[in-house]
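Welcome, and thanks for opening the viewer. Let's take a walk through this model together, one selection at a time.

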Amino acid sequence: VVGRTCVTIGPFRANTEADTALTEYAGEGMPTTLRSAHGEIFVGHWVQIRNIADSLTASEMLDELHTGGLSDAYLVTSEEEGLYISLGLFGDVSRAEKVELQAKSLGLPVTIVPKTRQGTMFFVDVGLPPGKGAGAMIEKYGESKVLLRDQATCPDQQ
């Protein structure tokens, strides 16, 4: 829309989170639209020891981890990835890094991998009135969740 500045907030994992944002900005008199899309949703930072040769090696690693204070570690077997040990799934990267460092201090080859799943994501498109910036939105949701200018979608005309 010519002359209109738009912002897209999201993705949100839950429709209720998006509804809250939509209600807030619509309540301030801004044009808003709720959209959904199917795609990869970030679940968290998964701390793992991968590519374990056999069950005996995995058992020895688990004993080391438990002795070293990482009692939540457990063995996982999958057809695609074989044997691996999970040390936890964390939304906060600093917690994942703390566990990673603790396992590395035991001499174990630990990695952090992003865990995603297919699902429905929700976005809120907001038309900003003249003179209104997106600073407060960025402060509230973070830079990664607020798309500006050419990356944003303008709300449907209502």
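## First stop: the largest pocket

The largest pocket has a volume of about 170 Å³. The model you see is predicted, so to speak of local features pLDDT must be at least 70, side-chain atom pairs count only at pLDDT 80 or more, and totals for chains, interfaces and linings use all residues. Residues are numbered from 1 along each chain as its sequence is written, and side-chain values use heavy atoms, with hydrogens and water left out.

A pocket here is an open set of points on a 1 Å grid over the protein atoms alone, where a 1.4 Å probe fits, with protein on both sides within 12 Å along at least five of seven lines; lining residues have an atom within 4 Å of a point. The volume is the space filled by probe spheres set on the points, which are joined across faces, edges and corners.

Select Pro11, Phe12, Arg13, Glu17, Glu40, Ile41, Phe42, Met121, Ser144 and Lys145 to show the lining of this pocket. These residues divide into 5 nonpolar, 1 polar and 4 charged (Ala, Val, Leu, Ile, Met, Phe, Trp, Tyr, Cys and Pro count as nonpolar, Asp, Glu, Lys and Arg as charged, and the others, Gly among them, as polar). Strand 2 (32-52) gives the most to the lining, with 3 residues. Strands and helices are DSSP runs numbered from the N terminus: E for strands, at least two residues, and H or I for helices, at least four.

## Along strand 1

Stay with Pro11, which lies in strand 1. The peptide bond that leads from Gly10 to Pro11 is cis, with omega near 5 degrees.

Now select Cys6 and Cys154. What do they form? They form a disulfide, with sulfur atoms 1.8 Å apart (the rule asks for a pair of cysteine sulfur atoms within 2.5 Å). The torsion about the S-S bond of Cys6 and Cys154 is about 95 degrees, so the disulfide is right-handed. This pair links distant parts of the chain, 148 residues apart: Cys6 is in strand 1 (residues 5-12), and Cys154 is in the segment after strand 6 (146-148). Cys6 is buried at 5% relative accessible area, whereas Cys154 is partly exposed at 24%. Buried means under 20%, exposed over 50%, and partly exposed in between, with a 1.4 Å probe and protein chains only.

## Aromatic pairs

The count of aromatic pairs comes to 2. Rings of Phe, Tyr and Trp (its six-membered ring) pair if their centres lie within 6.5 Å; planes under 30 degrees apart count as stacked, over 60 as edge-to-face and the rest as tilted.

Select Phe12 and Tyr141: their ring centres are 5.7 Å apart and their planes at 85 degrees, so this pair is edge-to-face. Phe12 belongs to strand 1 and Tyr141 to helix 4 (residues 135-141), 129 residues apart. Both Phe12 and Tyr141 are buried.

Next, select Trp46 and Tyr84. With ring centres 5.8 Å apart and planes at 80 degrees, Trp46 and Tyr84 are edge-to-face. Trp46 sits in strand 2 and Tyr84 in strand 4 (residues 82-90), 38 residues apart. Both Trp46 and Tyr84 are buried.

## Last stops

Move to Ser78 in strand 3 (residues 74-78). Is Ser78 buried or exposed? Ser78 is buried, with a relative accessible area of 18%.

Finish at Asn51, in strand 2. Asn51 has a positive phi of about 55 degrees although it is not a glycine, and Asn51 is exposed at 70% relative accessible area.
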